[in-house]
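Subject: Structure for your review

Dear colleague,

Please find below the structure that I am handing over to you.

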Amino acid sequence: MSTLTETAEKIRNMEIRGAGRIARAAALALKEEASSIQADSLEEFNRKIHDAYRMLYLTRPTAVSLPNALRIVMRYRAESVEDARKQIIANADEFISGSESAVKKIGEIGARRIKDGYTVMTHCNSSAAASILTTAFRQGKHINVIATETRPRMQGLITVDIMQKAGIPTTLILDSAVRYFMKKVDMVVVGADAITVNGNLINKIGTSQLSLAAHEARVPFMVAAETYKFSPRTLLGELVEIEERDPVEVLSEEKRKQWPSLKVRNPAFDITPHRYIDLICTEAGAIPPEMAFWVITQKLGWEIEEPED
Ligand code: RI2
């Protein structure tokens, strides 16, 4: 299996997961593909690299970091195959290192909002959110983290592992226990798979429930998101597609055979309205959700035209 098909498969089956990691892995796969493509003409090269782009693009539909990363890497104007190769490799390297430093920068910016003694609730596993928590802790703030399990794939355990390795006091709770514990929480911090032009957040299923509970309890709700998590296509009026994964993640085949008419639904993400979000920490600064339009047009440099798939 080539690195390209292997990466595409790993993104599809979530061996590679987390919106930022998916984006970096896809950029790397495109770079490796560009380095190894055999082509007699620029046209042939363009066709082959576009096929690779399509394969990666179609792996998972929701996290906008994936198409954003791919389009950034594909921004080349070349006169020859070698020139095209070089530009794609440079674009991918720049994206990957920019993405890594963005996660670090978000950690520094977000940590300023975390006070000594805070209890912070988080959901699923987000590198950007984890960066805020570990940075605050390294600064000497005595924080406690409450991590949700995040059914069905239990990514909360990845968060628990990161927190425990960092030495941060951590409590694991059921997803359904969010409201029960919210009164002990000082801030909620979550990651993002996509942010729409009107500032709504698309993140792991259950995030919107957290936001409701936080809103009711007057607990600030902060999102950690690199600027490439903002969705340019929403500027064109499109909605973000919510991935619905295999029901087997929720209930085993065996159990489902017992109740043949039972319907099992497994949406992987939900939408948190912007009015429940206090702040979005990006590498370009901590902004209100209402500034999503600025990020898309100014920071991502997106022009209002139909981007090609
Ligand atoms: P970072 C994940 O999706 C979670 O929803 C998480 O909040 C988001 O990506 C962002 O993660 P999934 O790939 O980029 O587990 O901050 O479905 O790591």
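This is a predicted model: local features need pLDDT of at least 70, side-chain atom pairs count only at pLDDT 80 or more; totals for chains, interfaces and linings use all residues.

Domains and their interface

The chain falls into two parts: domain 1 covers residues 3–102, and domain 2 covers residues 105–300. Their centres, taken over C-alpha atoms, are 26 Å apart. At the interface, 22 residues of domain 1 are in contact with 27 residues of domain 2. Together the two domains bury about 1800 Å² between them, and carbon and sulfur atoms account for 51% of that area. Of the area that domain 1 buries against domain 2, 32% is supplied by Arg-17, Thr-62 and Ala-102, more than by any other three residues.

Polar features also cross this interface. The rule finds 13 residue pairs in polar contact between domain 1 and domain 2, counting pairs with both residues at pLDDT 80 or more. On the side of domain 1 that touches domain 2, helix 2 (19–36), helix 4 (65–73) and helix 5 (81–111) each supply at least two residues. By class, this side of domain 1 comprises nine nonpolar, seven polar and six charged residues.

The rule also finds one salt bridge across the interface of domain 1 and domain 2. In a salt bridge of the model, the side chain of Arg-60 meets that of Glu-243, with an N to O distance of 2.8 Å.

Leaving aside neighbours within four places in sequence, Arg-245 is in contact with Arg-12, Asn-13, Met-14, Arg-60, Arg-153, Asn-266 and Ala-268. One of these, Arg-60, is also the partner of Glu-243 in the salt bridge described above. Asn-266 is 21 residues from Arg-245 in sequence, while the C-alpha atoms of the two lie 5.5 Å apart in space.

The side chain of Arg-245 takes part in polar interactions as well. It reaches the backbone oxygen of Arg-12 at 3.3 Å. The side chain of Arg-245 also makes a polar contact, at 2.8 Å, with the side chain of Glu-249.

Yours sincerely

Definitions and conventions: Residues are numbered from 1 along each chain as its sequence is written. Side-chain values use heavy atoms; hydrogens and water are left out. Domain bounds come from an automatic or database domain assignment. Contact means heavy atoms within 4.5 Å. Buried area is the accessible area (1.4 Å probe) that two parts lose on being put together, summed over both. A salt bridge is a side-chain nitrogen of Lys or Arg within 4 Å of a carboxyl oxygen of Asp or Glu. A polar contact is a pair of N or O atoms within 3.5 Å; within protein, one must be able to donate a hydrogen and the other to accept it, and residues adjacent in sequence count only if both atoms are side-chain atoms. Helices (H or I, at least four residues) and strands (E, at least two) are DSSP runs, numbered from the N terminus. Ala, Val, Leu, Ile, Met, Phe, Trp, Tyr, Cys and Pro count as nonpolar, Asp, Glu, Lys and Arg as charged, and the others, Gly among them, as polar.
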